[in-house]
Amino acid sequence: MSQTTQQIILNIVESENENENVNNNNKNKSTSPPSPLSPVTPGISAADPSKLLGSAIATLTKENTNLNSNSNNNNLINNNNSSNNSPINSTSNLNNQEDVLKQLAYQFFATCGEDPNREGLLKTPERFAKAMTGFVSGYSMDVEQVLNDALFEVETQDSDMVVVKDIDIFSLCEHHLVPFYGKVHIGYLPTGKVLGLSKFARVSEVFARRLQVQERLTREIAETLNRVLQPKGLVVMIEATHMCMVMRGVNKPGSSTSTICKFGCFKDDSSKLNEFHRLLGR
């Protein structure tokens, strides 16, 4: 593991344990480097893996956000200049993220009493790291590049409505880091310009592949499309199932959540909104 990655991991733990006396806990800890499959990383307490995972995801989102904002800059970028002064080269950003997550997977095995050398777990840290990196890949996506000027001039009438429905989305709840998934429905009244149909799905994906709450996800998609299309009106509706309600907490399978964000005539004219719902089959 690179020196940069070790520094990231140590900084994560230091921030989580700032109110604890880590010196007393680590008096008898070995200072030798861990083996590749060691479940314990020097300097990391296995007391609360959920905090470690949360901190790792925070690190990923910060690195990805900085990478996105500097996508045209080939110089070294400093992702956390004020706290750890750890410059990360944009070309090695992905590897650093995955290294952090692999180490956290080993730590999680240790707290569960699992053996990371067990056959079924040997490649799990690598799979976990790749999966989590993909789940938050939206931070490194640029909406403008995704849209790629796919606006086309089309003669339209005042009453014309475009509806794109049943766009599948999968996202991570930012409160529990478990999935929520469902459908996005989008409707708009064009003003002489229409957007390539695939772009509605791609814009939805950019914002879904981040740590989210459904309410914000709905608004981010709507605001982006409204800015790009400048239509007479635009509406975005999301219907989703949240695993944080299904597999934990209240444990209520079958529950779903609907959110809606409206602009222009959809906000001012109830008949337009009713027509949208009718086209959705509601």
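Predicted model: local features only at pLDDT ≥ 70, side-chain atom pairs only at ≥ 80, totals over all residues.
Visitor: What makes K272, L273 and F276 the buried residues of helix α11?

Guide: Buried means under 20% relative accessible area. In α11, which spans residues 270–279, K272, L273 and F276 are the buried ones, so each falls under that cut-off.

Visitor: Why are these residues said to lie on the same side of α11?

Guide: Seen around the axis, they cover an arc of only 100°, which puts them on the same side of the helix.

Visitor: What covers the buried residues of α11?

Guide: The cover includes strands β4 (162–173), β5 (179–189), β8 (233–242) and β9 (257–264), along with helix α10 (265–268). Contact here means heavy atoms within 4.5 Å.

Visitor: What makes β8 "mostly covered"?

Guide: Nine of its ten residues are buried.

Visitor: How do you know that β8 pairs with β5 and with β9?

Guide: Two strands pair if DSSP finds at least two bridges between them. β5 and β8 have ten bridges, in the antiparallel sense, and β8 and β9 have eight, also antiparallel, so both count as pairs. To find them in the structure, look for K183 opposite E239 in β8, and for M237 with its bridge partner I260 in β9.

How values were computed. Residues numbered from 1 in each chain as written. Heavy atoms only, no water. Buried < 20%, exposed > 50% of the residue type's maximum accessible area, 1.4 Å probe, protein only. Helix = DSSP H or I, 4+ residues; strand = E, 2+ residues; numbered from the N terminus. Arc of directions from axis to C-beta.
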